[in-house]
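Here is a short report on a single protein chain. Please keep the sequence and the model open while reading.

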Amino acid sequence: MTREFRKKRRRKETLVRRIAAVLLVLMVVPVAAAFAGASREAEGCTLVHGVDGDTVQLSCPGTGTQPHDVMGLSSPPLMGASCLAEAWWGLRARVALRARLWQASQVRFVTEPRARLTVIYLDDRPVHRVITPVPAHLCA
């Protein structure tokens, strides 16, 4: 092997290692934050966990633990997706919602218990303004 070839190979290996390290950090930080704060409490309701990209499990006094749809968010189903892109965006929406919930310093819920709807404010901003929307027509 020539000296130039070895230099190019080392540069390529270094780049791959750096990309792998960045991806690892991007995956570990939200998961670690989720385990650090087991539950979040706000406005009398306690966040149990994020079910998927547009549903959260809340434990509210008087109603118990129930899933609530988050107003302003729409995500494709993860299980039973029509195509790979839909499954990918469903997984991405789920991780994005969970990461934002656990990273926010202040979480506030405005719930409608009869309809099982909630508006989530993260640091005084509605969650649908913080999370990137899912594109329409994924499997077209």
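The sections below go from the whole chain to its parts.

## Basis

This is a predicted model: local features need pLDDT of at least 70, side-chain atom pairs count only at pLDDT 80 or more, and totals for chains, interfaces and linings use all residues. Residues are numbered from 1 along each chain as its sequence is written, and side-chain values use heavy atoms, with hydrogens and water left out.

## Overall fold

The protein chain has three helices and seven strands. Both kinds of element are DSSP runs, numbered from the N terminus: helices are H or I with at least four residues, strands are E with at least two. Their order from the N terminus is α-β-β-β-β-α-β-β-β-α.

Of the 140 residues, 26% count as buried. Buried means under 20% relative accessible area, exposed over 50%, and partly exposed in between (1.4 Å probe, protein chains only). The chain exposes about 9600 Å², and carbon and sulfur atoms supply 58% of it. Such areas come from the Shrake-Rupley method with a 1.4 Å probe; for residues, only the protein chains shown count as cover. Among contacts (heavy atoms within 4.5 Å) with a separation of 6 or more, 48% join residues 24 or more positions apart.

## Helix H2

H2 has 20 residues and spans 28 Å from its first C-alpha to its last. That is close to the expected 28 Å, taken as 1.5 Å times one less than the number of residues. Its buried residues include Trp-89, Ala-93, Leu-97 and Leu-101. An α-helix has 3.6 residues a turn, so residues three or four places apart point the same way.

With Trp-88 and Leu-91, Val-95 forms a nonpolar surface patch of about 290 Å² accessible area. Nonpolar side chains (Val, Leu, Ile, Met, Phe, Trp, Tyr) are joined within 5 Å, like charges within 9 Å.

S5 (residues 107-112) and S6 (residues 117-122) pair antiparallel over six bridges; pairing requires at least two DSSP bridges. Arg-108 has Tyr-121 in S6 as its bridge partner. Four residues separate the two strands of this hairpin. In the turn, Arg-116 has a positive phi of about 55 degrees.

Arg-129 sits in H3 (residues 127-130). Arg-129 counts as exposed because its relative accessibility is 61%. Arg-129 and Leu-73 lie 56 residues apart in sequence, yet their C-alpha atoms are 9.4 Å apart.

Conventions:
Patches are made of residues with over 30% relative accessible area and no salt bridge: like charges are joined within 9 Å, nonpolar side chains (Val, Leu, Ile, Met, Phe, Trp, Tyr) within 5 Å. A salt bridge is a side-chain nitrogen of Lys or Arg within 4 Å of a carboxyl oxygen of Asp or Glu.
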